[in-house]
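Me: I'd like a close look at a single part of this complex. Could you pick one residue, walk me through its surroundings, and then widen the view a bit?

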Amino acid sequence: MDYVVISFLCLGILLYFLLGGADFGAGIIELFTSTKNRSRTRKTMYQAIGPVWEANHMWLIIAIVILFVGFPHIYTTMSVYLHIPLLIMLIGIIARGTAFVFRHYDAIKDDMQWLYNRIFRYSSFVTPLFLGIIAGSVISGHIDPNAKDFSAAYIYSWLNWFSVSVGLFTVALCGFLAAIYLIGETEDDFDKRRFIKKAEYMNIAAVVFGAMVFIAAQLDKIPLIDWVFKNTVGLSAIILASLSLILLWYLLIKGKTKVLRILAGFQVTMILVAISYAHFPNFIRLKSGDTISLFESIGPEKTINSLGLALLLGSILILPFLGYLFYKFQKKEE
Amino acid sequence: MDDFLAARSQMALSLGFHIIFSCIGMVMPFFMAVSHYKWLKTNDEAYKNVTKAWSKGVAIFFATGAVSGTMLSFELGLLWPKFMEHAGPIFGMPFSLEGTAFFIEAIALGFFLYGWNKLNKWFHWFTGMVVGVSGLASGILVVAANSWMNSPAGFDFVGGKYINIDPIQAMLNKAWFSQALHMCLAAFTATGFAVAGVHALMILRNSNKDFHLKAFKIAAIFACIGALLQPLSGDISAKDVAKRQPAKLAAMEALYKTQKPAPLLIGGIVNEKDKTVKMAIEVPGALSFLAHGDFKSEVKGLDQIPENEHPPVAITHYAFQIMVGIGTLLLFVALIYFFTLFKKKSLTDKRWLLKLFVLAIPLGYIALEAGWVVTEVGRQPWIIYGIMRTKDAVTPMPGIAYSFYIFTAIYVSLSLIVTFLLYRQIKMVPVLYNQPTSKTPNQ
């Protein structure tokens, strides 16, 4: 059952990254769209993510519940030492979700829209940035339970070059996912070209920030290069990711739009695999060099068994229903 | 502000905010389902319009409830890491099931809100029903986690260690049934009265009478049935608390001395220093009856409980008075309403009754929050009753006061915006729904 629970944890994190990430990305795309095209972007985006966005964010809840039920030590270590970035991310989630709904359900469209739009766009940027910062901090080795002063314990645990680079890299990936997703959601040629342009920029940004992540890791003595390149799985994942990227741009030129999103999703999955595989099952790296591993911090047997059963039962109920939701609202209105 | 107080205030604020939104989110779908059903059966456009108008409210409340709920699942760890470290594996079961229920609710809501004219009409109705049922299930499950804090079960506490953990037994703790029942009825009553009251106000103003009258009737019937049943559930809860948490019951009634028989105190001013209550109305023997079903039985007072395990008496007592007082008031409103229905009198003639409903708009929620205060403050100083103290669970991170200020600002502004949005939705009812063949507004 341990493996069931851990698989669901990984699945939750992955799907939140892909689906929630594409969601955040849509806001990022809107942020980087010139003022005159913004309302067009908004319209496409609303049709694309309106029905599914709440469900996309449920994956975060699933992941966090698994963490606090099954791996309480990991959950509490993160919540104590990454309190501040978690808090900022939460504010982002609150602001973004409410602004998205408010701007649609405000019965009178007036100047308030300006406010909702601003909040939506900026929080779409800030939330994945901090999500990435948190992810980076977990493996950065800056978390220090023995820290003596406030900033060492609660600030530098996440405010360092590596974590911030991972944050920016995450933002670029989210934007990329969203741009690819949106290409398939519009029939209009002008919009299509705009989203392709956005995908190009986001791709370049991802490469630049990705390089930054490696440089920062090197400066910070984080063995990221070893994890990725001195490991068969990590290396093949990276090669597959690169190949899928080439294929993706080839198909884009050919005008195949729907299959792109699968490739983009695959590519991001491979990047996550490459970074985390060699590190697994260790979850948190502490400053002292110690690690907190998933297997060592797993909860008592009965808890894990019932959690695993609840997850299996839940997925029987959730997955078909969720699949139908995506299927039903993916088709174009005639 | 001291960190411990700030952490408690932030938690109280977050829960107090979330509870209203989630209650609306779990009750409104049932109102919608009724109205939707009536539309499908009678083809009366007004019912369709009521359903649509409500669904917009639900979308706003659901999203706000969902993000504040996400916030809470992190906040438990951010503020009370030592509690979560031990409690997580024990009381996590209802949370993992609740995750599923909540997920299904979000999917069903996606179908419901965007499914107009796209889905088979009965499947569409069914998805609306699923929103309600899974919402209600989430609520019941979350209460299981809270009731576990009041009535810890499913583990042995030996030498400071939590062993023999059994999450199923923890979920099926003794307080679950009475707390969940009381909470669900409260959700229906409070939301029902709030919704009915808003529509009553519009009827009084003579705008879109047919629309508002139909909406009013659906909400009012739920509210009034809830208000009738709530005292019975309250009685079950009182007897349960008397058995399990005598300190809480004593604080609710400000019973400083053990008495046999014990009187029920109505109102009064509590002096925590002198341990006295002034100016209360005493009903002899009534507390004995409520707690144990016997007018002559003994009720344990705070004098039998160590001083360092006393909950704050004044807050618990006042909150309890507010809850019971409002509950009684709403019970009377419900009785009058049923009498009117029974006599088949026209509602629009009874303007005073409609005005009564308008007055009741906030009352249900005030009672609900007061009840929440009773159960949470009445459990202090414990976070896990009899096992772990709240102050031992708080995060070591200093400066929580700042995060409390930030969240106060966020929650206050969210409440203001939501109120503002609802006001606009109601204001636009004539524009959006007046034409009999209104084209689908929005989207």
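Reply: First, a quick word on helices: here, helices (H or I, at least four residues) and strands (E, at least two) are DSSP runs, numbered from the N terminus. With that in hand, take Pro89(B), which sits in helix α3 (residues 81-114) of chain B. Keep in mind that this is a predicted model, where local features need pLDDT of at least 70 and side-chain atom pairs count only at pLDDT 80 or more, while totals for chains, interfaces and linings use all residues. Residues are numbered from 1 along each chain as its sequence is written, and chains are lettered from A and ligands numbered from 1 in the order in which they are written.

Pro89(B) counts as buried because it has 28 C-beta neighbours inside 10 Å (buried takes 20 or more other C-beta atoms within 10 Å, exposed 12 or fewer, partly exposed is in between, and C-beta atoms are placed from the backbone). Leaving out residues up to four places away in sequence, Pro89(B) touches Val69(A), Pro72(A), Gly299(A), Pro300(A), Thr303(A) and Ile165(B); a contact means C-beta atoms, placed from the backbone, within 7 Å. Thr276(B), on the other hand, is 187 residues from Pro89(B) along the chain, and their C-alpha atoms are 42 Å apart.

Now for the contact between the chains. Chain A puts in 51 residues and chain B 50 residues. On the chain A side, the elements giving two or more residues are α3 (53-70), α4 (72-81), α5 (83-105), α7 (150-155) and α13 (301-330) of chain A. The top contributor there is α13(A), with 13 residues. By class, that side of chain A has 37 nonpolar, 11 polar and 3 charged residues (Ala, Val, Leu, Ile, Met, Phe, Trp, Tyr, Cys and Pro count as nonpolar, Asp, Glu, Lys and Arg as charged, and the others, Gly among them, as polar).

How far can you trust all this? The predictor gives the complex an ipTM of 0.82 and a pTM of 0.85. Chain B averages a pLDDT of 86, and 98% of its residues score at least 70; pLDDT is the predictor's confidence in each residue, from 0 to 100. Among the elements of chain B, helix α12 (residues 363-377) has the highest mean pLDDT (92) and helix α15 (residues 429-433) the lowest (73). Over residues 435-443 of chain B the pLDDT is below 50, and this stretch has 6 contacts in the model beyond near neighbours in sequence. Where pLDDT is low, the predicted coordinates should not be read in detail.

Note on methods. Two residues are in contact if their C-beta atoms, placed from the backbone, lie within 7 Å.
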